[in-house]
Amino acid sequence: MFETLSDRLNETFGKLGRKGRLTEKDVDDAMRDVRRALLEADVNFKVVKDFVASVKERALGQDVMQSLTPAQTAIGIVNEELIRILGAERAPLNTPDRPPQIIMMAGLNGAGKTTHTGKLALHLRKQGRNPLMVAADVYRPAAVNQLQALGRQIDMAVYEEGTGKDPVDIARNAVRFAQERGYNPIIIDTAGRLQIDERLMQELVDIKQAVDPTEILLVADAMTGQEAVGVAEEFHAKLDVTGLVLTKMDGDARGGAALSIRAVTGIPIKFIGTGEKLDALEPFYPDRLAGRILGMGDVLSLIERAQEQTTEEDAERLQSKMMKGQFDLEDFLSQMQKVKSMGPLNQLLEMIPGVGSQLRQAKAEISDDDYKKIEAIIQSMTPWERRHPEKINNPRRRRIARGSGRDRQEVNQLLAQFKDMQKMMGQFGQMAKKGKMPKNLPFNLP
Amino acid sequence: MILKRMFRRRQEPDVKMEQGLEKTRKGVFREITRLFDRAELDDELFEDLEMLLIQADVGWDVSQRLVVELRDRIEEDHIVNPADAREILRLEMIKLLELATQNRKIKLLQRGVPFVILVTGVNGTGKTTSIAKLAAYHKQFGRSVLIAAGDTFRAAAIDQIKVWGERLNVPVIAHQQGADPGAVVFDAVQSARQRGIDVLIVDTAGRLQTKHNLMAELQKLRRIIEKQIPEAPQESLLVIDATTGQNGLVQAAEFTKAVEITDLMITKLDSTAKGGIAFSVAREIGTPIAYIGTGEKATDLAEFNPETYVDSLFFGEGEGF
């Protein structure tokens with residue numbers, strides 16, 4: 001929907017062509033692109049203003065104008081500046097002088113506080129802790145039930161007193177309860193509220209005073225627009241927020257709100273939520289968010305997802321099979337299934353720098369249905385056939401087509417393509433042995 | 001047989017919407033009016049205006065266009081008085097929303113055919129609360145209402161809608177958590193037909209538009225409804241949180257692709273957010289806004305009116321009425 005900054009800068013500098021020296025005006029045009037990209041990523045307009053000014057200063061100082069690749073140089077500067085603002089180092093959770101560790105969750109309605117209370121509890125238990133979740137949202141219908149249901153799902157203790165009590169008392173009682181039973185940390189889920197709601201904001205202040213939390217996490221939706229700063233400022237002023245949890249990062253929002261909040265309030269970003277499942281909580285990496293705001297792809301996340309799907313031994317075994325030209329349809333199928341479990345293909349491609357924008361330009365739609373077809377065809381083969389695709393004769397092809405509900409042509413096509421692939425892999429193997437790299441690859445190596 | 005116009009155009013000013021927007025307008029957006037409170041039209045004014053629009057999440061593109069169009073008009077018509085310029089801007093903004101509102105189909109309630117409202121949106125926009133509001137809204141016209149608890153994913157979403165059902169005295173069709181939402185919807189449509197229900201409101205689990213399988217599930221829900229009632233869902237509603245930034249445009253595009261969104265509902269307008277994304281959606285996709293949500297109570301719902309919206313959120317009190 002939106003062009004990425006890298007696309008735009010390439011375009012802007014591209015227009016200038018090879019006319020030689022760039023002028024200060026050219027840099028100004030580029031800064032306009034930067035400004036626009038940041039605004040479209042929901043970075044707060046005040047933050048954008050300061051940001052562009054400092055990038056421009058650096059750009060002029062570093063002679064972007066003289067650079068052979070001004071677009072890259074400019075993107076590099078923007079990227080560095082983004083990371084600088086986002087905080088170069090990871091911010092861990094605060095540890096209390098003496099236990100228990102009390103974590104309070106706060107934020108607007110619908111940001112994902114209750115879900116992230118569950119996620120955080122699970123995350124901390126994985127580190128060997130024994131967390132207690134506290135249901136202090138007595139306003140939203142069934143909010144207490146929701147936390148209880150989450151508790152059952154992950155077998156986590158929940159403290160609740162129903163919806164008839166004062167949240168301040170609930171929090172205070174929960175801490176006492178936890179100390180008696182040996183729970184630590186204590187994670188308090190509070191009701192969603194508008195930062196302008198005086199009464200409810202005072203309630204948070206009262207909870208804070210009552211239990212003296214080690215950590216107050218502001219839970220914010222990655223899709224939030226320009227208001228993010230105002231909201232965070234207000235919560236911060238009242239509560240002295242110690243960290244930000246950025247939720248719904250598995251969507252396609254650029255997440256500029258996080259940058260704004262960090263820039264204006266200085267609250268460090270501690271976690272990001274990347275899915276509805278309770279294990280979808282990740283530590284925050286500034287470089288990745290910077291790349292995302294710029295639309296530069298997210299190779300690190302891609303590699304990480306790939307690593308989750310495969311072990312090193314698997315990879316080595318596969319590599320040697322490929323080299324020897326023994327890669328068969330069974331390997332192909334299992335590889336395909338691994339890629340598939342990494343997520344929708346379109347989304348994976350968007351993580352690769354450059355590919356995302358090319359895809360959008362070509363309006364290419366790679367459907368996951370194609371996967372299914374291929375899968376059906378291979379699964380209709382016998383194990384022997386999968387290992388010896390070259391021996392699949394016409395009667396077998398007919399049977400496979402019938403079995404998978406596909407056309408004969410589709411079966412033929414798959415087998416032909418696979419044969420080409422095997423041949424190419426064989427060549428790789430040969431060349432690798434001889435120590436040279438193949439020419440005329442279907443893609444360019446960087 | 002056509003019984004009655006489903007949505008009456010109200011003649012009197014929309015008191016409800018105005019009251020709901022009371023809190024919002026106290027914000028910085030009086031500044032647009034204040035901005036034009038000067039002796040002459042200078043460059044600084046236009047720069048500040050663009051910033052104010054962007055600050056309201058109107059988006060770079062639309063803000064830019066509004067400002068450029070305003071400057072063009074000022075030049076063409078030789079306008080020197082800032083108050084006149086402000087009026088042009090105000091009308092432009094109303095026109096932008098009206099263009100989309102014109103796409104709003106007049107929906108008719110037929111005897112014996114349940115009017116089905118499919119309610120969709122990303123997580124946390126306030127779908128369940130909005131459904132309670134819609135139920136209360138239709139009940140006030142004496143219509144019988146049934147709710148389908150189609151969010152079987154989020155923990156306790158079913159409990160949440162049941163609480164509302166009890167409060168509003170509206171029956172709820174529900175299965176257990178984790179059940180197939182398709183089965184819930186199927187049962188609900190059947191039940192609505194058997195009971196001769198006027199309005200069936202279908203809740204769905206929140207989903208991000210990037211989740212292909214969940215978007216496909218939504219399409220399936222729509223098909224299940226369509227199979228039993230060919231003209232349904234008569235209203236396919238996308239709920240957007242007013243605090244949403246530019247991603248709202250992507251949401252509108254993707255949900256429209258999946259389930260042919262007919263109308264938008266903008267929620268949480270009692271916050272400080274301006275819901276400026278509505279302008280981008282109106283311009284780029286043309287989806288009309290039908291309702292706005294202005295609080296956590298079941299009665300905090302208003303029919304959308306472009307003029308009230310623009311006046312309340314952007315031009316402060318006392319304008320346009």
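**An enclosed strand in chain B**

Reply: In this predicted model, both faces of E7(B) are covered.

Me: How many of the residues of strand E7 of chain B are buried?
Reply: Strand E7 of chain B comprises residues 235–241. A residue counts as buried when its relative accessible area is under 20%. The strand is largely enclosed by the rest of the structure, because the buried residues number seven of the seven.

Me: Which residue of E7(B) is the bridge partner of Ile117(B)?
Reply: Strand E3 of chain B, residues 115–120, pairs with E7(B) in the parallel sense. Four bridges join these two strands. Within E7(B), the partner of Ile117(B) is Glu235(B).

Me: Which residue in E8(B) stands opposite Leu237(B)?
Reply: E7(B) also pairs with strand E8 of chain B, which covers residues 263–267. The pairing is parallel and runs over five bridges. In E8(B), the residue opposite Leu237(B) is Asp263(B).

**A helix in chain B**

Me: Is Asp311(B) buried or exposed?
Reply: Asp311(B) has its place in helix H13 of chain B. Its relative accessibility is 1%, and the limit for a buried residue is under 20%. Asp311(B) therefore counts as buried.

Me: With which side chain does the side chain of Asp311(B) make a polar contact?
Reply: The contact joins two side chains of chain B. The distance is 2.6 Å. The partner of Asp311(B) is Arg90(B).

Me: At the start of H13(B), which backbone nitrogen does a side-chain oxygen of Asn305(B) reach?
Reply: The side-chain oxygen of Asn305(B) comes to within 2.9 Å of a backbone nitrogen. That nitrogen belongs to Glu307(B).

**Where the chains meet**

Me: What area do chain B and chain A bury between them?
Reply: The size of an interface is often given as the accessible area lost when the parts come together. Here 44 residues of chain B are in contact with 38 residues of chain A. Carbon and sulfur atoms account for 60% of the buried area. Between them, the two chains bury about 3700 Å².

Me: Which residue of chain B forms a salt bridge with Arg35(A)?
Reply: The count between chain B and chain A is two salt bridges. In the one formed by Arg35(A), the closest N and O atoms are 3.3 Å apart. The partner of Arg35(A) is Glu50(B).

Me: How do the residues on the side of chain B that touches chain A divide into nonpolar, polar and charged?
Reply: Across the interface, 18 residue pairs are in polar contact. Several helices of chain B each supply at least two residues of the touching side, among them helix H4 (43–55) and helix H5 (60–76). The residues of that side divide into 15 nonpolar, 18 polar and eleven charged.

**Chain A**

Me: What percentage of the residues in chain A is buried?
Reply: Chain A has 20 helices and eight strands. It contains 446 residues. The buried share is 50%.

Me: Which residue in E3(A) stands opposite Val134(A)?
Reply: Strand E2 of chain A, residues 132–136, is largely enclosed by the rest of the structure, because five of its five residues are buried. Leu132(A), Val134(A) and Ala136(A) point one way, while Met133(A) and Ala135(A) point the other way. E2(A) pairs with strand E3 of chain A, residues 157–159, in the parallel sense over three bridges. Opposite Val134(A) stands Tyr159(A).

Me: How far apart in space are Pro70(A) and Ala30(A), C-alpha to C-alpha?
Reply: Pro70(A) lies in helix H4 of chain A, residues 70–86. At 12% relative accessibility, Pro70(A) counts as buried. In sequence, Pro70(A) and Ala30(A) are 40 residues apart. In space, their C-alpha separation is 9.7 Å.

Methods: Residues numbered from 1 in each chain as written. Chains lettered and ligands numbered in written order. Predicted model: local features only at pLDDT ≥ 70, side-chain atom pairs only at ≥ 80, totals over all residues. Heavy atoms only, no water. Contact = heavy atoms within 4.5 Å. Buried area = accessible area lost by both parts, 1.4 Å probe. Salt bridge = Lys/Arg side-chain N within 4 Å of Asp/Glu carboxyl O. Polar contact = N/O pair within 3.5 Å; in protein donor to acceptor, adjacent residues only side chain to side chain. Nonpolar A, V, L, I, M, F, W, Y, C, P; charged D, E, K, R; others polar. Buried < 20%, exposed > 50% of the residue type's maximum accessible area, 1.4 Å probe, protein only. Pairing = 2+ DSSP bridges.
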